[in-house]
Amino acid sequence: MTAKSNFEIDILNVPTSKINTVDFDHLSFGNVFTDHMFYCDCIDGVWNQPLIRPYAPFLLDPSAKVFHYGQAIFEGMKAYKDSNDDVWLFRPDQNFERFNNSAKRMAMPEVPEDIFMNGLKTLVDMERNWSKKGIGNSLYIRPFMIATGTGVVAAPSNQYRFMIILSPAKSYYSGEVKVIIAEHYSRAANGGIGAAKAAGNYSAQFYPTKLANENGFQQIIWTDDATHTKLEEAGTMNVFFRINDTLYTAPTSERILDGVTRKSLLAIAEKENIAVDVRSVLVSELVEAAKNGSLKEVFGAGTAAVVNPIVGFSYQDVYYELPKIDNSMAMLLKDKLTNIQYKIDEDSFGWTVKV
């Protein structure tokens, strides 16, 4: 249970918005940010005044512990604008809960619910003009927290900064995605921080992903650290496999992130009477299914991409091309989910929150 704060947000507006300088038709994901940012400092366990200020760099001491011991966590969320110009968040309670689970695992303070939610809603409301209508358009939301306390003693910081920044976005991935199944490198290990959205989880992926890119693959399907026989995640996404007419995905664990998109797709699949089996899927099963033709689809699922179809995979230097199919479960689930997010279809799950 997180504490409540007693602060109103102190807001300073930019004198002139930069929105008219942005080409919304040609956005590069995560490189353009809105006019304002939200932040709140926690010092010795006490949360200070929440602030919204013009988006700008800020100073950190060279000995700030985020630089030396990696206390940094984040979330990925989106806001969507419907045809009536109303702006909606998607399951923000799930991101809030996961954020604080990450904080606990990284020995960081939990953010009070009112600071997180009020900061989120107030900032998104201020920047609603940056959210554009139309499927594929969204306002990407990046809450994060870093250790700002000083000193190079290997111990948790006594000072942290929680922030939220916003970035207008279009579709994250484009073109065909081919993946290679990991045989040596691992994304996470039992007892580690794989289930937390910690910054270090992602930087550790960069080198093996670079090697995959050099060999013509866009992403890696990660396997378990102990045996490299169990399929776990695809790049920075949860991964699904369709064998015949059953959808398989690995259960969440210490190594696998509890993805909001993942759990939403599972709920939609159940409502659509799609057979789902949440269990460890072996590499040998996937290879055999590819050989005998029962493997129909593989796709990643995450906030940025929503659903990202995979056209083929490589394992032990053998490439397996997936079939072209008309009745794609990936596209069915993506359409059902995005229609809820953009308020095209009824939200029977109660997932959307109006700003």
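Residues count from 1 along each chain as its sequence is written, and side-chain values use heavy atoms, with hydrogens and water left out. Because the model is predicted, local features need pLDDT of at least 70 and side-chain atom pairs count only at pLDDT 80 or more, while totals for chains, interfaces and linings use all residues.

**Exercise 1. Work out where Asp 41 sits and which residues it is in contact with.**

Step 1: find the element. Asp 41 belongs to strand E2, residues 36-43 (strands are DSSP runs of at least two residues, helices are H or I runs of at least four, and both are numbered from the N terminus).

Step 2: check burial. Asp 41 has 15% relative accessibility, so it counts as buried (buried is under 20% relative accessible area, exposed over 50%, partly exposed in between, with a 1.4 Å probe and protein chains only).

Step 3: list the contacts, meaning heavy atoms within 4.5 Å. Skip neighbours within four places in sequence, and you get Val 46, Trp 47, Asn 48, Tyr 160 and Arg 161.

Step 4: follow Arg 161. Its side chain makes a polar contact with the side chain of Asp 41 at 2.7 Å (a pair of N or O atoms within 3.5 Å; within protein, one must be able to donate a hydrogen and the other to accept it, and residues adjacent in sequence count only if both atoms are side-chain atoms). The charged end of Arg 161 also sits over the ring of Phe 58, 4.9 Å from its centre (the rule: NZ of Lys or CZ of Arg within 6 Å of the ring centre and within 35 degrees of the ring normal).

**Exercise 2. Classify the ring pair of Phe 217 and Tyr 319.**

Step 1: get the geometry. The ring centres are 6.4 Å apart and the planes meet at 45°, so the pair is tilted (rings of Phe, Tyr and Trp, the last by its six-membered ring, pair with centres within 6.5 Å; under 30 degrees is stacked, over 60 edge-to-face, the rest tilted).

Step 2: Phe 217 is buried at 11%, whereas Tyr 319 is partly exposed at 31%.

**Exercise 3. Find the strands that pair with E13.**

Step 1: apply the rule that DSSP must find at least two bridges.

Step 2: pick out bridge partners. Among them, Met 237 goes with Ala 234, and Phe 240 with Thr 249.

Step 3: look at cover. Seven of the seven residues of E13 are buried.
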